[in-house]
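Please look over the model below before reading on.

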Amino acid sequence: MNKVSLLKNKLLILSLSLFLFGWYSYSQAQDEKNLPFPITLFKLKNGLQVILSEDSSLPLVSVVVAYNVGSMYEEPGKTGLAYLLENLMFQGSENVSRMQHYSIIHNAGGELNAATSADKTIFFQTVPSNQLARVLWLESDRMMSLEINDLNVQQVKDILIEEIHHRKATNPYLESYYRFDQFIYPDFFYSHPVIGNESDLINITVEDVKKFYSTFYKPNNAVLSIAGNINKKKAEEEIRKYFETIPEGQNFPPVTSPKLPERKPIIRTHKDPSVPSPGFHLGYRMASPSTDDFYPLRIIEYILLHGKTSRLYNRLIKRYRTASHLSGSIEIRKNLARFKIFVVCGNTTMMERSKRAIISEINMLKMNLISEKELQKSKNLFKMDYINQYATSGDKARFLAESFLSKKSLDHLANELKKYLAVTRGDIIGIMRKYFTHESITLNIIK
Amino acid sequence: MKKIRSQLKNALPLFLLIFLYWNPLLFSQERFRKSPPNPEPFTELRLPEINYKTFPNNGLTLAIIQRENLPIISLKAIIFSGESSSPENLPGIATLTANMISRGVSHLTSSRIEEEIESIGGRFFTSIHPDHSVFTFTFLEEYLDRALSLLSRMFLQPTFLSHEIENVKRSMQYGIIQNKTDPEFLAKRQLFRLLFRDHPYYKGTLNEDLIRYLNQKDLISYFRNYYRPNNALIVLTGNLNITATERLVSRYFYSWRKKELLNSPLPPPNPFTEQKVCLIDLPGAKDATIYLGNVVYPVTSQDIFPLIALNQVLGGTPKSRLFMNLRESKGYAYYAFSNVGSFKSCSVFFVNARVTPEVTYSSINEILKEIEGITKNKIPIPEIEQAKSYLIGNLSLQIETFENLSSKASEFNILNMEDELWKKYYENIMLIDSERVLETAGKYPLLTPVIVIVGDSSIILNNIREFGEVELFNKKGVSQGILHLNKGEKK
């Protein structure tokens, strides 16, 4: 056998093995059938997790790339870095010019956006389904080779500093939100604002941005979620073509573990002459979102705060009119959850009354069983909001990506809604007593 | 040893090949990354069929759109009368009536209605327009029966209690007062007030003082005249069985009695034939907010699509001419867009922008130049094709949610343009070309608009002297007189 034929044989074996590898990895695709919509999961060899959800009701496709990084991965003195990078991702990459990403999506009639939170950064676009390959080309290019230079970093910094000024000018309570986060979260990593501090932003260097990008914007630190009118097999081929050769990342710095909360109430008052009316932030430190306790906690959020007939809206806004504004929810930052309420009142007397009314409603929920009717109403409102999380292809792709990043598995989605709807009156009283304790309360009064 | 070395030598090309296969990036970029791939052939959107039924006993029309992918139902109830049908001396009565619909029915107080809505996972809200009033109700699909029962009681057995009327009036007044710090609201309201100055549509731009004159008797009279099944449309979108749903709607609305209607077609308002500049003083405002526009009429079914394309090219999105010029090129504006507002008796073409006060005149000048350009010169083919591509691709996004789908269907029905806009949208967009856009643009007085500026007059007046004559208005929209500014004499 001469060398050429030997080489031919070896090539044959190689190509056969590559074919088998390709076939094998395709066969690893896992279909989840118990969800409210079908999904297929597979992972590329560089660690990129892919989620596909086929829905041919409209000729649209949504592509979401979510990175497991947010403001809590920033070091002290470098706040705003994650958000800066989110903005920089639209400024061009090796093969995509500055406005090209936007132009391609827009010219097709599509929409795009991005969001950064404490623990994730998400990029999403919805386009006519014939544009899927183009979006994959765009997303893979910026995952692989983002353009980071003095000019575009400075441009983005200028935009963000203007945004900080604008937010402060239009929301007099913004500083109070930031201050409250410092009290209710255990340390710097969890508590600092996503948009960053102006002085930190000014001092961020191009090298800082490059380091952050090259550390976190890697396929094995991301999830690619696609929902809409797709042919699954063809979509997988395109995904492999554009993403599989992107080098994986290594040594992702872990999130700094949160300090254990102190078992004592935190009560602070600060005077802020810029606020038009007094108000307060009230919060409770909660269970981790991954525990079973989280299901009743979410329903409690609806009992207290959602809808015009919720207990607190009814009492503070409608019946006694002690407050002019009421908002709140459970907020999740990685493995921590916080129950947060914000109230604005006409004067300090009304503020005292509102505060007492909230504590009184919470105590009532701890002592008395809620009626079946009220519980069912809260569950139905929750159910509607839960379903609306996947009402459009963009919502669905984002819902899947976020669920994956927060829980690292999508198995739980098959039964998640059922678990919320199975919460009993007894669960509510038990969870109220467990988490809404005097020791876990955090109160920040603004005068 | 020699044998091993020879085997290694033989295997070298293979290792090299494997190495190259797995590490292509070490040497050069894959070729397919250099440029964007071509899109696949476009999949045309087929808009879902709307199943209509008009009930013979009372003339109520029901439209059902079947969608299966979510266990929720979107309901829109439309009364084909809006603020323009309020009596001349009672502007606001249509708005008050619509807002009162969910505020009490026999044996059910307004709080109990809210309880009932939220008990079925529902959200209910009302919006009032010059030609019609819309009641939007979204709920979980298993509660269709309860939702229809509640809605029918709102229309058939409202109580209109005095204390509830007072509550609603207070909240309407509060809403308008709150809006008076919003320059967008002030500018848009003033533009429409001036454009509709001698037309029934003017009543839709009410201010808070007029609300106090509204009373229960007038409200009941308005309700009896206009809230009739032969003046109503119910649109339902969801996973619905058509026959069963029709039967259910018939059961709940059967006893709703029809009446001869007072609606008569309105003539169009007269467009402005000369440019007019107005300023609303908003002390402390950091920016200048601009609304400028004019009435366009008649917008026939042949004109509507070229007009949509013209708007798209001029100011439909951040890639359009106005945004690219005023923000990206000149750096004058935070944003600059154009719009076509459609009413039954006319349309309004308008531009809105927020700019730095020091360049207010220059910005308006640039906006007018862009309008002139698009009305006098043919749009280049690539630009018009790009606009068409956007309009075709974007339609699917506009109807993704059940609620948006119901809204679109209602909107097209209200404008009597369902055939053109719903059934033949794709074909009609494809037929647009530069000649048709130019021809359509030439029909309308786009270059003699009303220009409304909202901002701090102490800064702005100095920067709009070139206009010469400016009418000053207060925040209620009342004229404070005409200012004669000396051109070129900046202080």
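1. First, a term. Two strands pair if DSSP finds at least two bridges between them. Helices (H or I, at least four residues) and strands (E, at least two) are DSSP runs, numbered from the N terminus. With that in hand, S3(B) and strand S6 (residues 232-238) of chain B pair in the antiparallel sense over 6 bridges. Within this pairing, B:Ile79 has B:Ala232 of S6(B) as its bridge partner.

2. A word on the model and its conventions. This is a predicted model, where local features need pLDDT of at least 70, side-chain atom pairs count only at pLDDT 80 or more, and totals for chains, interfaces and linings use all residues. Residues are numbered from 1 along each chain as its sequence is written, while chains are lettered from A and ligands numbered from 1 in the order in which they are written.

3. The sheet in chain B. It is an open sheet of 6 strands, in the order S1-S2-S6-S3-S5-S4, and the pairing is mixed. Which strands stand at the edges? They are strand S1 (51-54) and strand S4 (123-128) of chain B; each has a single partner strand, so one side of each is left without a neighbour in the sheet. On average, neighbouring strands are turned by 15° against each other, direction ignored. The axes behind such angles are lines fitted to C-alpha atoms, for helices over the stretch in contact, and angles run from 0 to 180 degrees between N-to-C directions.

4. The other partner of S3(B). Strand S3 (residues 72-79) and strand S5 (residues 133-140) of chain B pair in the antiparallel sense over 8 bridges. B:Leu140 in S5(B) stands opposite B:Ile72. B:Phe139 in S5(B) is the bridge partner of B:Ile73.

5. Is S3(B) buried or exposed? A residue is buried if 20 or more other C-beta atoms lie within 10 Å of its own, exposed if 12 or fewer, and partly exposed in between, with C-beta atoms placed from the backbone. In S3(B), 8 of the 8 residues are buried, so the strand is largely enclosed by the rest of the structure. In a regular strand the side chains alternate between the two faces of the sheet. Here B:Ile72, B:Ser74, B:Lys76 and B:Ile78 point one way, and B:Ile73, B:Leu75, B:Ala77 and B:Ile79 the other way.

6. The contact between chains. Residues are in contact if their C-beta atoms, placed from the backbone, lie within 7 Å. By this rule, 44 residues of chain A are in contact with 43 residues of chain B. Elements of chain A that each supply at least two residues include helix H1 (3-27), strand S6 (121-128) and helix H14 (372-388). The largest share of the chain A side, 7 residues, comes from H14(A).

7. Domains of chain A. An automatic or database domain assignment gives the bounds: domain 1 (32-243) and domain 2 (266-446). Their centres, taken over C-alpha atoms, are separated by 28 Å. The contact takes 39 residues from domain 1 and 32 residues from domain 2.

8. Two backbone points to check. Most residues other than glycine have a negative phi. A:Arg321 has a positive phi of about 50°. A:Lys334 has one of about 55°. A:Arg321 lies in the loop between helix H12 (311-319) and strand S10 (325-333) of chain A, and is partly exposed, with 14 other C-beta atoms within 10 Å. A:Lys334 lies in the loop between S10 and strand S11 (336-344) of chain A, and is buried, with 20 such atoms.

Definitions and conventions: Contact = placed C-beta atoms within 7 Å.
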